[in-house]
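Open the model in your viewer and keep the sequence panel beside it. The tour goes from stop to stop, saying what to select and what is there.

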Amino acid sequence: MIGTASKLELKGRFDAYQAQGTKVWLKEEVEKMSGQGIKANILVDMTQVTFIDSAGLSALVVGIKKAREHGGTLHLFGLQQAVQIIFELSWLDKAFPIFITEEEATKAFNP
Amino acid sequence: MNQTWVLNRKTKVYLESLGENWLKAGADSFGFRINGRTVYCIRSESYRERTLTKSPQEAAPPQQSIGLNNEFSQVAEMQSISARVRLGDSQNGTLFVDGLDGLAHQQRLDLDASFFGDTQQLQSDVDTISAELVEKQDQLVTLYQLSQTMRRHLEIQPLFSSLIVTLQSLFHSQGLFTLVSSGGLSPIVSAYPDNSLLDGNIIRALQEMHQEKESTIFNETDFEKIENLLFLPLHVKDPFQASFVFVNKLDGPFVTPDLKLAQLIGEQISAQFEYVQLHQELLNKAKLQAEADMARNVQMQLLPTTPPSIAGLDLFAQSKPASQVGGDFYVFMPDAPLPQFVLGDVSGKGMPAALLMTMLRSSFQSAARVNHNLEQLTPDVMNDASRSMYGDFTAVEMFATAIVAAFDIETRELSYSNAGHSPVIYCPAGGEPEILPANGPAMGVVDMDVAGQNSLTLQPDDLFIICTDGFVEVWNEDGEMYGYDRLLDLVSSIRHYSAMEIAIEMYMAIEEFSGGTEQDDDQTLIVTKGVDHESK
C-alpha cells in the first residue's frame, strides 16, 4: 500500500507464464480494497519488464477494468522503450494512464 | 488334530496285516480301540466257531467288525494283552490281543503299538501337508483368476466389481466393504453382498480406518455385527484412495497368512489400478487431442484458403495454426458498399479463444452488412462489432485486436480502423516499409465507440500487410525475438514479389529463424498488393 494505492512490481518477460497469476492477484486486490471501502487504485511498476505480449496486456486490461468498476483505476510507470512501443502500436498507451516515475503515477490518483 | 479319529483305508490295511500275523500266532482276536471304543477287530476261525456254538443268535457274524462297542466284554476270563499306542494330542489308542499272553507276546505287541503310533503320526503329518498344499493351490488358482479378471478390465468401476466376488471367496469372509475416495474427500462406502453388516457407527469407523496406510487384522471389535475384520489399503495414484475391508471370516479368526496373502493381492490390485488409471489418462488425452484436432479443422474451414478477388488488389491470406487452436482469424466481406477485410487476434489460446474468435468473426460480418456510410465505413463496422462483443469479452476476461480495411477501386483509397492490432505494414512501391500504429484501442478494453480511421492510397505495387504477433514474437534457440526490425527488413527485400510469394517468404523466414523451435502462436497474415485494375 502506497498512500491509497496498491503496488504491483512486474519483472522480466511479462507473458502467459506470469499473466495468469497477475490477473488473479489484480482481481483479488481490487475486491479486497473495495471490501475495505478503499478506492481500488493500483500502481504497476513496469521498470523491470523487458517484454510484454498479448497475454500480459490482457492481464493489465482485466486489471484496469476491474479497478474502474470499483471506483479506482490502474496506473503504469517506468515502461522500457520496447514495452512502450508495444503499448503505442496497440493504442494501449491511450487506454492506460502511463507515467515516467512512480512519484508522478502516485500523485495522479484522484484523492 | 483335535478331531474324531477316523479309520482310513491305509490304516485299515496296516491293521489287517498286523492282525493276520497275530491270528497265525494263535490269537483269538486282534483289535484297536480309541478312547475305549473299538474301531477295528479281526477274529480267528476257531474263535468264531466256538462262539457260534455258544450263541445261535450271533449266527454268521462278519469276519471283521468295525466300530462295535464292548462286543468283547465277555472275554474277561480269557487270556489277553494290550499295548498303548501314542497318537499324539489327547487321543488314547490301544492295540489288544485276546487268547494269548506272556512276556514275549506283550513285547511283540508293544513293538507293534510303537510302529503303529509312528506310522499314524507320519500319516497325520502327510495329511496336514497335503491339506496345506491343496489350500495353497486353491489360492494360487484364485490368484491366477484374479489377475486374469483384472487384465480384462480397463475401467475402474467394472474392475472393482469383478474383484469383489473373487476376493470374498478367497478370504472366506461373510462380507466385504470397499472404500473409495478422491482428493481427500470422505470415502464412499459400499458393502457386498449387502448392507446388512453396515450401520452409522461402522461407517464412521471405516472412514477413519481408510486413512491408514498399513493393512491390519482386528480379531475383536466393538461392533455387534462384526466379529473380526481385515483392512487392506490399496496404493493407488493420487488423487484416488481405495481400501478393502474383509468382514467376519467364516472359518475362524483372520491369521497372519491371510494378512500376507491380502498384502500380495493388494499390491497386484494396486498395480492394475495404476495401469487402469494410466490407460484412462491416455484415453482422455487422446480424446482431447481428437477434439482439439476437430476444433482446428473447423477453424481452418472458417478461414478461406482462396480469398475472393477484389478489383485492383492482389490478395493472399493464410493462417498457420500453432499446436492448439487459437484466436487468429480473417474474413473477407467482398460485397457492397465497398469490399472489406478483417484480420483479428483474440487474446489467449485454446478453446476459449477459438470460440470467441468465431463469435467475433460473425459480428464483423453482421456489422459489414448493415453499415453503408462510406465516410465512416470501417469505424462504424468496428464500433458495431466492438459494442456487440464488449459484454462477452468482459465476462470471459479477454480482449481482441483487429483491423478492418475497405478498398475503393475508384479512388484506390484503402481506409482502415485498427483496434490495437500490430503489426500492420505499409510499403509504398518507391519507399521503405513502415509499421502503421493502431488508431483505436483493442476490442473489449473500453465500452465506448472509439474506433479511429486512417486511409492511404494503394497504387500498383504498393504493399499493405497485416499479420499477427506470431510473425514478431518468434524466438530462436538463443532466446532472441524476431522482432519488428527484422520483419521490416524482410518485407523490404521481398516487396517485388506477388502477394502469395511474399507470404511464403515470410513463413519461410520465420521458420528459418526459429530453427524448428515449436511456436505457441498462430501465424496469420493478409498480404495486399496494389495491381492495375485491368491486369487483375
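The stops below go from the domains to a strand, an interface, a sheet and some backbone details.

This is a predicted model, in which local features need pLDDT of at least 70, side-chain atom pairs count only at pLDDT 80 or more, and totals for chains, interfaces and linings use all residues. Residues are numbered from 1 along each chain as its sequence is written, chains are lettered from A and ligands numbered from 1 in the order in which they are written, and side-chain values use heavy atoms, with hydrogens and water left out.

**Domains of chain B**

Colour chain B by its domain assignment: domain 1 (9–128), domain 2 (153–279) and domain 3 (303–530). These bounds come from an automatic or database domain assignment. The centres of domain 2 of chain B and domain 3 of chain B, taken over C-alpha atoms, are 62 Å apart.

**Strand β14 of chain B**

Select residues 400–408 of chain B, which form strand β14. Helices (H or I, at least four residues) and strands (E, at least two) are DSSP runs, numbered from the N terminus. Is this strand mostly covered or exposed? Nine of the nine residues of β14 are buried. Buried means under 20% relative accessible area, exposed over 50%, and partly exposed in between (1.4 Å probe, protein chains only). In a regular strand the side chains alternate between the two faces of the sheet. Here B:A400, B:A402, B:V404, B:A406 and B:D408 point one way, while B:T401, B:I403, B:A405 and B:F407 point the other way.

Strand β13 (residues 340–346) of chain B pairs with β14(B) in the antiparallel sense over seven bridges, and B:Q340 has B:A406 as its bridge partner. Strand β15 (residues 413–419) of chain B is also antiparallel to β14(B), joined by seven bridges. In the hairpin of β14(B) and β15(B), four residues lie between the strands, and B:R412 takes a positive phi near 60 degrees.

**Where chain B touches chain A**

Show both chains. Contact (heavy atoms within 4.5 Å) involves 24 residues of chain B and 19 residues of chain A. Select B:E397 and A:K27, which form a salt bridge with the closest N and O atoms 2.7 Å apart. The rule for a salt bridge asks for a side-chain nitrogen of Lys or Arg within 4 Å of a carboxyl oxygen of Asp or Glu, and one is found across this interface. Helix α8 (residues 377–395) of chain B gives the most to the side of chain B that touches chain A, with three residues.

Next, select B:F399, in the loop between α8 and β14 of chain B. B:F399 is buried, with a relative accessible area of 3%. Its contacts beyond four places in sequence include A:S54, A:L57, A:S58 and A:V61, as well as B:F393 and B:M443.

**The sheet of chain A**

Select the open sheet of four strands in chain A, with the order β1-β2-β3-β4 and parallel pairing. β1 (5–14) and β4 (98–99) of chain A stand at the edges with a single partner strand each, so one side of each has no neighbour in the sheet.

**Backbone details**

Cis peptide bonds join B:Y192 to B:P193 and B:S422 to B:P423. Finish at A:W91, which has a positive phi of about 70 degrees although it is not a glycine. A:W91 counts as buried at 17% relative accessibility.

Conventions:
Two strands pair if DSSP finds at least two bridges between them.
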